[in-house]
Amino acid sequence: LFSIPLIWLSSIKWRLFLRSAGEEPHILTLMRLYVIGYAVNQFSPSILGGDAVRSYKLGSQLNNHRDAFISTYLERLTG
């Protein structure tokens, strides 16, 4: 239950980076991708597997893998 507000806040931050790149994803889409990333991290040997999946899936939805990667990286970098 405590994870939901944290995922929401992280998704808001992620969305701010995407907005600066001119993209407007829905917050629920980002939250869903965050949960998918968490699930992937449970089965991958490093924490970067979930970020790679989040970045790839978002890039596919936006048709812009570069901005998806940069925003995912910046979101991770800023904690």
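1. The side chain of Thr78 has a polar atom 3.2 Å from the backbone oxygen of Glu75. A polar contact here is a pair of N or O atoms within 3.5 Å; within protein, one must be able to donate a hydrogen and the other to accept it, and residues adjacent in sequence count only if both atoms are side-chain atoms.

2. This is a predicted model, in which local features need pLDDT of at least 70 and side-chain atom pairs count only at pLDDT 80 or more, while totals for chains, interfaces and linings use all residues. Residues are numbered from 1 along each chain as its sequence is written, and side-chain values use heavy atoms, without hydrogens and water.

3. Thr78 belongs to the segment after helix 4 (65–77); helices are DSSP runs of H or I with at least four residues, numbered from the N terminus. Beyond its neighbours within four places in sequence, Thr78 contacts Lys13 and Phe17, contact meaning heavy atoms within 4.5 Å. The C-alpha atoms of Thr78 and Lys13 are 9.1 Å apart, although 65 residues separate the two in sequence.

4. Thr78 counts as partly exposed because its relative accessibility is 46%, between the limits for buried (under 20%) and exposed (over 50%; 1.4 Å probe, protein chains only).

5. Asn63 is located in the loop between helix 3 (48–62) and helix 4. With a relative accessible area of 70%, Asn63 is exposed. Its phi is near 55°, a positive value in a residue other than glycine. Most residues other than glycine have a negative phi.

Methods:
Helix = DSSP H or I, 4+ residues; strand = E, 2+ residues; numbered from the N terminus.
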